[in-house]
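Welcome! Open your viewer, get the selection tool ready, and let's walk through this model together.

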Amino acid sequence: MLSWLGCALLLLAPVAAGATPAVDWTARLAAHPELTDGIRLARGRARLAGGDRAGAVVDAEAVYHAAPPWADEAAWLRAQASASCRQVLTWIERAPARAGAIPAPARLALRAQAARACGDQPAAAADERRLAVEFPWTPQAEALAARLTLTAAERMAQAAAWEGHRDYGRARAILSGLADGPEGQAARFALARLALDRERRDFPGAARAYEALAREPGPRQGEAAYEAARAWGRAGELD
């Protein structure tokens, strides 16, 4: 029996050399019966990449029914290989998003496409909005940008997503555009926090922004005053 490291090297070795034909995976399957399910799943992916949807379906279903540890990934492959929108929607619900194996943006995009093809426009629109708000840096979201009009609250959430992605410039641009609108105070708080805790280049500017917020009426005056003091303290660290 191969070690887990040996298994990983066996399964990942062809990646460095580019796409591996399904026939090569078939040979590996015969040579390493102890790795049947992992190799069969890899063969299914190779088949799908090569345009053999039927072969990918066979491998995906075999692994799904035989190997619980691989079931989520097998269901994701089966959804991608499906010929009808109904099949996509059925199988994708068995494949929860998981970092690395089942990327959330690709899953949302495929589910939205299938829902639209099946006539469920509200479900498709909901997934597309989630994609645009939660994963704005992806190609799928960029393709939606021209035809979606996001609410102020969604733009705030999108700015938070850009911040989480460490693209502070994009986050700042969105928040600046919201600073004078309905979400203005929340946007100004987010801008001040971005300057203080993320960009960390202009502590005096962050302190002044919080001081201005502390003068605005509302329940966050105390919070703003505290953050202003913290920002001035950090500005002093630079002296």
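Let's begin at a pair of helices. H12 and H13 make a left-handed crossing, a name used when the near helix is turned anticlockwise from the far one by less than a right angle (clockwise would be right-handed). Helices here are DSSP runs (H or I, at least four residues; strands are E, at least two), numbered from the N terminus.

Before going further, a word on the model: it is predicted, local features need pLDDT of at least 70, side-chain atom pairs count only at pLDDT 80 or more, and totals for chains, interfaces and linings use all residues. Residues are numbered from 1 along each chain as its sequence is written, and side-chain values use heavy atoms, leaving out hydrogens and water.

**Stop 1: H12 and H13.** Select residues 184-199 for H12 and 203-214 for H13; their axes are 8 Å apart, at an angle of about 155°. Axes are lines fitted to C-alpha atoms, for helices over the stretch in contact, with angles from 0 to 180 degrees between N-to-C directions. The two helices are therefore roughly antiparallel (over 145 degrees; under 35 is roughly parallel, 65 to 115 roughly perpendicular, the rest oblique). Now show side chains: among those that meet are Phe-189 and Leu-196 in H12, and Phe-203 and Tyr-210 in H13. Contact means heavy atoms within 4.5 Å. By class, the contact of H12 with H13 has nine nonpolar, one polar and two charged residues. Nonpolar covers Ala, Val, Leu, Ile, Met, Phe, Trp, Tyr, Cys and Pro; charged covers Asp, Glu, Lys and Arg; the others, Gly among them, are polar.

**Stop 2: H3 and H5.** Next, select 36-49 (H3) and 71-81 (H5), whose axes come within 11 Å and cross at roughly 20°. H3 and H5 are therefore roughly parallel, and their crossing is left-handed. Look for Leu-41 and Leu-48 in H3, and Leu-77 in H5, which are among the residues that meet.

**Stop 3: the disulfide.** Which cysteine is joined to Cys-85? Select Cys-118: a disulfide links the two, S to S 1.9 Å (the cut-off is sulfur atoms within 2.5 Å). Cys-85 lies in H6 and Cys-118 in the loop between H7 and H8, so the pair ties together parts 33 residues apart in sequence. Cys-118 counts as buried, at 17% relative accessibility (buried is under 20% relative accessible area, exposed over 50%, partly exposed in between; 1.4 Å probe, protein chains only).

**Last stop: zoom out.** The whole protein has 14 helices and zero strands. Of its 239 residues, 39% count as buried.
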